[in-house]
Amino acid sequence: ELDGNRVSYIVMEYVPGGDFEELMDRCGPLPESMLSRIGADVASGLAHAHERGIIHRDIKPRNVLLDDRGSPRLADFGIARALDGTTSHNHAGSYLGTAAYSSPEQLRGERVTSKSDVYSLGATLYHASVGEQPFSGNSIEVANQHILKLPTPPRERGARIGEDFEALILDCLAKDPPERPDAARVRERLLQDSAAVAQAG
């Protein structure tokens, strides 16, 4: 009770490390070892949600919170929808999400699926590896590029990552959803990459 009234409230874990975007702003492009570790944990969280029929719909650096050890928490399921085939469409003429990280189908107002979250994770990892988002311009220009233009490979923009990691990012950013890996496969590939980087180091 609060002031004599019964109220509902949500209790959340305190995550003191800021968010992924703040980390990028402080450090610039992040090393592959860190990207593999954080990306694998985020992909694991997405796979968990997808297995339970939930699409996040707004994966972006601001929604990846970091604890005091640098481990990520996937936050802000405020516009998440159920994967039931009826509520996973945007209403005609409407758009929910963040254009800089959204999938082509989401930007076109078409059916949003778990593969849409994978695209947004790919855009987030691209930003973290390059230091800049895949596409630039105003919101409409960025949306059109997500729909129509292939991103420049991260290593051509100075990303300090290996070929396999770059290939995974570009696979996530495939325009056609069936060509993208699912979140569980993204996690597996990132864990493999993390182990390979550690072994090489």
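Q: In which segment is the place of Asp 3?
A: In this predicted model, Asp 3 is not a glycine, yet its phi is positive, at about 55°. Its relative accessibility of 73% makes Asp 3 exposed. The place of Asp 3 is in the segment before α1 (20-27).

Q: Is Arg 57 buried or exposed?
A: Arg 57 has its place in the loop between β1 (54-55) and β2 (64-66). Phi of Arg 57, a residue other than glycine, is positive and near 75°. The relative accessible area of Arg 57 is 1%, and the limit for a buried residue is under 20%. Arg 57 is therefore buried.

Q: How are α2 and α4 oriented to each other, roughly parallel or roughly antiparallel?
A: Helix α2 covers residues 32-51 and helix α4 residues 114-130, and their axes come within 11 Å. The two axes cross at roughly 165°. Angles over 145 degrees count as roughly antiparallel. The orientation of α2 to α4 is therefore roughly antiparallel.

Q: What is the hand of the crossing in which α2 passes α4?
A: On the α2 side, the contact is made by Leu 35, Gly 39, Val 42, Ala 43, Leu 46 and His 50. On the α4 side, it is made by Ser 114, Asp 117, Leu 121, Leu 125, Ala 128 and Ser 129. The crossing in which α2 passes α4 is right-handed.

Q: How many nonpolar residues has the contact of α2 with α4?
A: The contact includes Leu 35 and Val 42 of α2, as well as Leu 121 and Leu 125 of α4. By class, the contact of α2 with α4 has one charged residue and four polar ones, and the number of nonpolar residues is seven.

Q: How are α6 and α7 oriented to each other, roughly parallel or roughly antiparallel?
A: Helix α6 (residues 163-172) packs with helix α7 (residues 183-200), their axes being 10 Å apart. The angle between them is about 165°, and the crossing is left-handed. Since angles over 145 degrees count as such, α6 and α7 are roughly antiparallel.

Q: How many charged residues are in the contact of α6 with α7?
A: From α6, the contact is made by Asp 164, Phe 165, Ala 167, Leu 168, Asp 171 and Cys 172. From α7, it is made by Val 186, Arg 189, Leu 190 and Asp 193. By class, the residues of the contact of α6 with α7 are six nonpolar, no polar and, as charged residues, four.

Q: With which residues is Leu 190 in contact, leaving aside its neighbours within four places in sequence?
A: Leu 190 is found in helix α7, and with a relative accessible area of 0% it is buried. Leu 190 and Phe 165 are 25 residues apart in sequence, while their C-alpha atoms are 7.7 Å apart in space. Leaving aside neighbours within four places in sequence, the residues in contact with Leu 190 are Ser 36, Gly 39, Ala 40, Leu 125, Phe 165 and Leu 168.

Q: How many disulfides does a search of the whole structure find?
A: A disulfide is a covalent bond between the sulfur atoms of two cysteines. Cys 27 is partly exposed, at 48% relative accessibility, whereas Cys 172 is buried, at 0%. For the whole structure, the number of disulfides found is zero.

Q: What distance separates the C-alpha atoms of Leu 150 and Pro 134?
A: Leu 150 is found in the loop between α5 (139-148) and α6, and its relative accessible area of 65% makes it exposed. Leaving aside neighbours within four places in sequence, Leu 150 is in contact with Phe 135 and Lys 175. Leu 150 and Pro 134 are 16 residues apart along the chain, and their C-alpha atoms are separated by 9.1 Å.

Q: Which residues does Gln 145 touch, not counting residues up to four places away in sequence?
A: The place of Gln 145 is in helix α5. Its relative accessible area is 17%, so Gln 145 is buried. Not counting residues up to four places away in sequence, Gln 145 touches Phe 135, Ser 136 and Lys 175.

Terms used:
Residues numbered from 1 in each chain as written. Predicted model: local features only at pLDDT ≥ 70, side-chain atom pairs only at ≥ 80, totals over all residues. Heavy atoms only, no water. Axes fitted to C-alpha atoms, helices over the stretch in contact; angles between N-to-C directions. Helix = DSSP H or I, 4+ residues; strand = E, 2+ residues; numbered from the N terminus. Parallel < 35°, antiparallel > 145°, perpendicular 65-115°, else oblique. Left-handed = near helix turned anticlockwise from the far one by under 90°. Contact = heavy atoms within 4.5 Å. Nonpolar A, V, L, I, M, F, W, Y, C, P; charged D, E, K, R; others polar. Buried < 20%, exposed > 50% of the residue type's maximum accessible area, 1.4 Å probe, protein only. Disulfide = S-S within 2.5 Å.
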